[in-house]
Amino acid sequence: MLLILFALWVLFNGRLTLEVALIGLVLSAVLCWFSYRFLGYSFRAEKKALRLIPAIAGYVWLLICEIVKSNLCLLRIIYLRKETLKPQLVTFRTPLKSNMARIVLSNSITLTPGTITCTLEEDTLTVHCLDASMAEGLEDLAFQKKLLRMEQMLSATTENETEKEAGNHAGNAGV
């Protein structure tokens, strides 16, 4: 976090002099200390977040691709006007465990044109689809698969850290 804050400081200043570097280091260090002390940040949480960066980048790319595909589908519907729209409400359960992943899924569905998440209650989503063709395969979205993998990555790192801590405590107890 210290390096990121310092890099942002230098970037926003637009130049790197000794004075800018020293002030940036001091301010970055104070902000890091404050964040760790009062905002609950930890080095462990930062390591988890850094491990997820490639997965998050992949998710954002998938979201952009799905938005483009949905836009093309809607353009076809608008310009051909041969099809009569059959709006549909679809309710399905998601296997996602965390509220954050469920909210991200819900927002991703809403961001893709032609679909809007109407409700999210626990693990059940109700989605309004502009046409029945958009409702097909809604329960088995690529978004959901990516989010499940990210949840598994997070739980695996948490389990590994818990095992390491338990090993450290057991080793300390034997001393």
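S108 sits in helix α4, which covers residues 99-111; helices here are DSSP runs of H or I with at least four residues, strands are E runs of at least two, and both are numbered from the N terminus. The model is a predicted one, where local features need pLDDT of at least 70, side-chain atom pairs count only at pLDDT 80 or more, and totals for chains, interfaces and linings use all residues. Residues are numbered from 1 along each chain as its sequence is written, and side-chain values use heavy atoms, with hydrogens and water left out.

Let's stay with S108 for a moment. Its relative accessibility is 3%, so S108 counts as buried (under 20% relative accessible area, with exposed over 50% and partly exposed in between, using a 1.4 Å probe and protein chains only). Who surrounds it? Beyond its neighbours within four places in sequence, S108 is in contact with Y59, L63 and F143, where contact means heavy atoms within 4.5 Å. A polar atom of the S108 side chain also lies 2.8 Å from the backbone oxygen of V104.

Now move along to E122, in the loop between β2 (115-121) and β3 (124-129). Most residues other than glycine have a negative phi.

Note on methods: Polar contact = N/O pair within 3.5 Å; in protein donor to acceptor, adjacent residues only side chain to side chain.
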